[in-house]
Structure formats: structure tokens, C-alpha cells
Amino acid sequence: MRISEQAKQETRVRILEKAAELFIGKGFEDSTTRDIALAAGLAAGTMFNYFPSKETLAMNMVGDAFRQGREDFKRRRSGKEGLTEELYLFVASGLRRLRPLRPFLGPVLERSLSPFPRKNICPEGETARLEHLAAVQEIIGRHGFAETPDYVAMTMYWSLYLGILACWSNDESPNQESSHALIDYSIRMFVQVISGVGSDKGEAHAS
Amino acid sequence: MQVEEANTTESLQMEILLDALPKESATDPTGLRLASLITNVSNKKVPVNSFSRIWTLGSLHARVTAGYLAYWLRSRLSDADKRQQLKSEAHLAAALKLFGTMGYMRGAVMKVGQMLANLPEVMPEEFAEVLSALHFEAPPMHFAMVREVFLDEFGREPEEVFASFDRQAFAAASLGQVHRAWLHSGEEVAVKIQYPGIARTIKADLRNLRLLLQPLCLTIDWQDTLAKLADIERMLLMETDYAQEAIFGKLARSAFTAADRVVVPQIYDEYSTGRVLTTEYLHGCHINDFLATDPGQGERDHFTHLLTVATYRLYYRLHWLPADPHPGNFIFMADGRLGLIDFGCTLTLSDEEWIFSNVAIQAALDRDLPGLNRAIARACRFDDPDDMEPDRLEVIRSGFYWFMEPWQQEGVFDFGDRDFFLRGIDNVIEATRKGYTRSLPMTLWSNRFTFGGRAFCYKLKGCCEFRKIFLQESTWTSTEADEKPLNSP
């Protein structure tokens, strides 16, 4: 019997929901794929047809959250924002969607988004990174930058963003409010780098 | 071109601020040493300053505050022996760098800077000028950040919560900024939004400040300074609680009737949380704009009268010291009413403090010298007047007599009298120079209340019948106190 596309989609959603519950309840490390399959009412083998690993599962959640965040951002953008403000809105909208996943996000992001060379690149993580950077480039393009920022600038952006994610996923203050200043700071720094304004030509460290 | 203009503006601002700062009359009458120190601090780029950051405009003021603090610390050390002085200066240089990087939230840095004005070592009249410059600087949060605070606090965007909401803030306020908005029912409101994470920053800043002040531990009453810093921290943290401020605002509002001509804006609870405070918007201007209209003596006296009634009403009825009487908290309304806003920094006196506070006033009014001496000894943290050096007692007592002058004069008292005002300042300078600064933390706030209010009225060049107002307001207390048991539930 062929499973309809709709039924497949429903199963996928169910697996993601159950996995999220387990990750939040037991932690990412202590939840097994067997636990997840059981909770979703599936045979372990069937579940692998949907998600080949626990990491893939978690990164699918993250990818979904990022996509929703981008949609929120598009909806919230008024067009009156300056570059810094627009980037802030973009990053904050994404984090807001990620928030329910925060309790187990640290190890997931560490494995899937690590900038260090790895044997197995997580494809979902790579997709999330590329989509995020594409959105950032689109934002920059709206603010009078004729050329796309070069490799160095975008690598710097991604490093800052990973720093924000690391701090935010570990931020115990209410609503992660301590991270807001870091986000704002990081974005201003990046904008300054690509705008080439306010360079201190190194004299900051001269004395 | 723009950069040049910005630099010119910055150096102009710097000049104004330098002019306004107090100088050490004995060792640095022209302020050259102060200027060089501040320039030094301003040019010292810590990594933080090389980012154009949210608090760009504030940073100049922050650096000037840092420079001034250094100057003040140096002047405190001028009597120390040379070796000790050098050692302390080395500490100071390290501490200054720390101050430059101190917390990335300039809002908190500025607030701490302002609070330092409470330490009696700083001269209030001139410092008040600087403080008023600090209060209306450009707001630091961009709108996207404000929206995030709203989503966290209300689960909705500002434009959803309100019928209309200004993207640009119109004022900086207690550890946040204020936006103008309109309710769906049409009322115009002022919405104060707190910087995210400010309370933590305050704690970190105060920790750094204690390190910064470490060189002083041998030269002044260190424990006393620590106790005062702890009190400053307590008050600053209280200021981050807008729910508490809403309670203060409502109490204050209930203390005035239409006939008083003093207005405390209405609080809108359904639009307020611990980090967002929505109040009625009061139309009017601040003191500088009021003075720019060249008001007649009658108008000046009128507002001096209202200000005196307002502050002593809060003191006698609610046992409050409005401990943040900076000019931005008073609105001169076109119809002649006085608006009181911002009750974040309000000290409610405990019963013990209240009784103590009035014992001293009563002793001075009754010309009961032994009683007054006992009260002064206690305020200075001595068990008995005999434990105090006679000169210390004399200096502090003459300060208290100065404080009491308006209370004892029948008829009109002229708060614009330069001699009167300067005598008060001179007394503080004398006490400071002689190191007579040990006192109960409460005196930080009562001094701030007194000097803040008097500096304001001095600037206003206003007169009022102070004694009559005091008698009216204090009489109310005793009558009300008698009636209270009958009315209380």
C-alpha cells in the first residue's frame, strides 16, 4: 500500500514533535532514536526513512525554526529600518522561533554548525547556514551595497552569529535579555566592517 | 564633512562640560589639570570605544564622567605622602581603563556616574549642570530592540498594543528610554522601556566601581564608602523595577488634588509590566526651556511654590525622599501646573528613619542644641557628640543650620539668593576637604533631595513662603495620623 504524501507529512511532523518533547524532557544526549520511534508509534527502521540520525532530526527542527523566523522577519520588516536595525530584526526573529528548542540546542548546534573542519558535514546544518547567509546578503543588498561582501566579511559574520547562538543558548537571564546587547554589538561591529567607516587604523592598541 | 562636524560638536560639548565641572580651587583653580586628565581619558581608546555603538553620544559623557572621577580621586589623594600617591595613581590608571570598558551598557555607566554625585565629595551645583546635560541625550535602543522587549513583555508588537507608537524615543529615562504613543481609546501616553539586561549590568558596574575605588581604601573611611555604594546599588536596582515605580506613581498621584496645581501622570496598568511603564503624557517643557522664555518673577515664584509643596507633600504624607530631583523630572505646563514624573528613585523612610529625620529638624526648630548635637552625631555614625572632633561637629552642624534657614524664616524665602546657595556649597566643600564625609547611607538621599531641590530653585531664581508651606504640610501629618485609625480597615 502506498502511503500518501499527506500521511508522510503527518508522520514527519509527529516524529519532530515527539523528538522535541524527548529532547526537552531527557536532553539531547540521553534521548535515543529508539525512544523517539517508540514515542511516535513507529518501528525504528521506519523512522530512519524519515530522518537518518538524531542530529538530522534536531537540525530539521532548527531549519524549520529558521525558516519560520525568516517569514516572521519579512512580515515584520517595515522598510524603514537602517542596515543595523534590519539585521537585528532578522537575527532576533530567528532566535524567537528557536526559543522553544533552546533547552537542547547547545549540543545540536555544536555538532551541526561547527565551523571547524569535520569528516561528516551535516547537510541540514549546511543548508541552514547557506540560507541564513543568503538572507543576510539580501538585506545588505537593500542598503546600497553594490557588491556582495567578500569571503572574509561573511566568515566574520558567521563567526559572530555562532558566538551569539552560543551565548544565547546558554543565557539564563529572563527571555535571554543579556544576549540582546551582544546581538546589537555584534551586528554593529559587522556593519562597521563592511561599511569601512570609523576605522581606528589600529591606534586603539597603540598605547 | 559630517565627521568634521561631529568632531566640532564633540569638542564644543567637551568645552561646555569642562566649564561645568567643579575644579579644585587650591591646586587647580584654572582646571588645566582636570582638562588634561579628561582629554587623556577621552583619547584613550579602549576596544569598546572603537565601535560606533548604541551609546555613541553617551560615550563622550561617560568618558568625561570617567575623567572627572579620576580628577576627584586624585584630589582626594593630594594630602597623602608621595609614595602612596604614586602607588595610588598606578592603581588609578589601571582602574580608569577598567572604567572605560565598564559594562557595555552606557545607560548604567551614566547612572552610576550620576549617582556618584551623591557622594558629598562632589559639588552639587556645578555637577547638576552636567547631569542635566546627560539626561536628554540620544536614546540608545533602536526600534527593533524595543520591539523585542515588547514581544517578551506583552507577546505583541508595540503597534499592536497601542493605536500608534513613535519609532523614535523622545527622552532617555531611568535606565531606559521613553516613546510617545496613543492608546486605542485616544489618550496620549509616554511609554518607558527598560534596556534589556540592565540590572545585571548595574551589578557588574558596581563591582567594577568598588575595584576602581580600591586606591581610596587607605585614605578615607572605606567601610563608610562601601556602605554607601551598597545603598546606591540597592536604589539603582530598585529603579529597574518599573512595577514598583508604578506603585509609587499611583501613591504620589493620590496625594494631590486639582487645587494643588501639581500633576502626577496617571499610570496605565494594562500597558505596564516590570520593564515597560505607560503613563499619561504631560505636555510642557523642562526648566531650561522654561527659563529661555524669560519668565517674570511671579511665574518663577509660582513654580518654586509648587515644587516646594510637591516635594514636602511627598515627604510629610508618604514619608518619601524623592531622591532623584534632577531637572528632567519636573514639567512646566503651559496652564501653570507643575508635572512630576519618574518615581523610580524614591526612598521610603522606615519608621525609625522618619522619626530620626524629624528629631533633627525639631531640635533645630526648638533651638535644642544638645538634642541637635545628638542627632548629628548619629547621622555621622558616632555614638555620642563627645566622640566627634569639635571641628567636625561644628562643620556638620553649620551645614544643618544652612539646611534649616528657610524653615525658620517668616515670610518669603529667596532661593535664588546666590550667597545663601553658595554658603551651602561651601559647607559641603569644607566638610569634604576635611574628610568629614562619614554618615548614614540615608544622608546620601537626603542630601541629594535637599541640594537637588535647592539647585533647581536657585536656577529658577524663585521665592516662596517656605515656612508657611512646611507648617501646612507637616500639620496635615499629625491631623491625619490622629484620624488614620478611624479610617483604616
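Helices (H or I, at least four residues) and strands (E, at least two) are DSSP runs, numbered from the N terminus. The model is predicted: local features need pLDDT of at least 70, side-chain atom pairs count only at pLDDT 80 or more, and totals for chains, interfaces and linings use all residues. Residues are numbered from 1 along each chain as its sequence is written, while chains are lettered from A and ligands numbered from 1 in the order in which they are written.

In chain B, the loop between α18 (418-433) and α19 (442-460) holds B:Y436. B:Y436 counts as buried because 22 other C-beta atoms lie within 10 Å (the cut-off is 20 or more; exposed means 12 or fewer, partly exposed in between, with C-beta atoms placed from the backbone). Leaving out residues up to four places away in sequence, B:Y436 touches B:R392, B:V395, B:I396 and B:A431; contact here means C-beta atoms, placed from the backbone, within 7 Å.

Chain B also contains an open sheet of 3 strands in the order β4-β8-β7, with mixed pairing. Its edge strands, β4 (262-263) and β7 (330-332), each pair on one side only; two strands pair if DSSP finds at least two bridges between them. Strands β7(B) and β8 (residues 338-340) of chain B are antiparallel over 3 bridges, and B:I331 stands opposite B:G339 in β8(B).

Notes. Two residues are in contact if their C-beta atoms, placed from the backbone, lie within 7 Å.
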